[in-house]
Amino acid sequence: MPNLSVKLDEATRHRLLAVAADQGITPHAFMVKAIGAELAQAEAEAAFVARALAARAQVIATGQVNDGPAFADYLRCRVRGQPALRPSTQAIAECVETRE
């Protein structure tokens, strides 16, 4: 496995040593765990942004959206285990007109 060097100031190094000791792991194991957690978070954020951009592109392409309050009501019913029909999409102009 290739090595990667990380330079830490003394205060951070002491904090690392203390926290790793408290957790009963080596500083190396703590850093590997921390890097893994940050990578997972960054990947999750990137996936979320990708899904949001895809949804935006779909709205732009189709002009169809879900009515927010109607969809929230649908979700409330589903969470409570009640039967509910999923609201159909509608033209964005129709959704805006109902809010004015």
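A salt bridge is defined here as a side-chain nitrogen of Lys or Arg within 4 Å of a carboxyl oxygen of Asp or Glu. The model is a predicted one, in which local features need pLDDT of at least 70, side-chain atom pairs count only at pLDDT 80 or more, and totals for chains, interfaces and linings use all residues. Residues are numbered from 1 along each chain as its sequence is written, and side-chain values use heavy atoms, with hydrogens and water left out.

**Exercise 1. Salt bridges**

Determine how many salt bridges a search of the whole structure finds, and describe the placement of Asp73 and Arg76.

Step 1. The search of the whole structure returns two salt bridges.

Step 2. In one of them, the side chains of Asp73 and Arg76 meet with an N to O distance of 2.7 Å. Both residues belong to helix H3 (residues 68–79), three residues apart, about one turn of the helix. Helices (H or I, at least four residues) and strands (E, at least two) are DSSP runs, numbered from the N terminus.

Step 3. Arg13 forms a salt bridge with Glu10, and the closest N and O atoms are 3.6 Å apart. Both lie in helix H1, again three residues apart, about one turn of the helix.

Step 4. Accessibility is classed as buried under 20% relative accessible area, exposed over 50%, and partly exposed in between (1.4 Å probe, protein chains only). Asp73 is partly exposed because its relative accessible area is 43%; Arg76 is partly exposed at 41%. Arg13, at 37%, is partly exposed, and Glu10, at 47%, is also partly exposed.

**Exercise 2. The N-terminal end of H3**

Identify which residue caps the N-terminal end of H3, and decide whether Asp67 is buried or exposed.

Step 1. Asp67 is located in the loop between strand E1 (64–65) and H3.

Step 2. Asp67 is the cap: one of its side-chain oxygens lies 3.2 Å from the backbone nitrogen of Ala70.

Step 3. Asp67 counts as buried because its relative accessibility is 15%.

Step 4. H3 has 12 residues and reaches 16 Å from its first C-alpha to its last, close to the 16 Å expected at 1.5 Å a residue. The expected span is 1.5 Å times one less than the number of residues. Gly81, with a positive phi near 80°, follows H3.

**Exercise 3. Aromatic rings**

State how many aromatic pairs a search of the whole structure finds, and classify the geometry of Phe71 and Tyr74.

Step 1. One aromatic pair is found in the whole structure.

Step 2. Phe71 and Tyr74 form this pair, with 5.4 Å centre to centre and 45° between the planes, and it is tilted. Rings of Phe, Tyr and Trp (its six-membered ring) pair if their centres lie within 6.5 Å; planes under 30 degrees apart count as stacked, over 60 as edge-to-face and the rest as tilted.

Step 3. Phe71 and Tyr74 are three residues apart in helix H3, so about one helical turn separates them. Both Phe71 and Tyr74 are buried.

**Exercise 4. Glu45 in H2**

Locate Glu45 and give its separation from Ala61.

Step 1. Glu45 is placed in helix H2 (residues 27–62), and is partly exposed at a relative accessible area of 45%.

Step 2. Glu45 and Ala61 are 16 residues apart along the chain, and their C-alpha atoms are separated by 24 Å.

Definitions and conventions
Polar contact = N/O pair within 3.5 Å; in protein donor to acceptor, adjacent residues only side chain to side chain.
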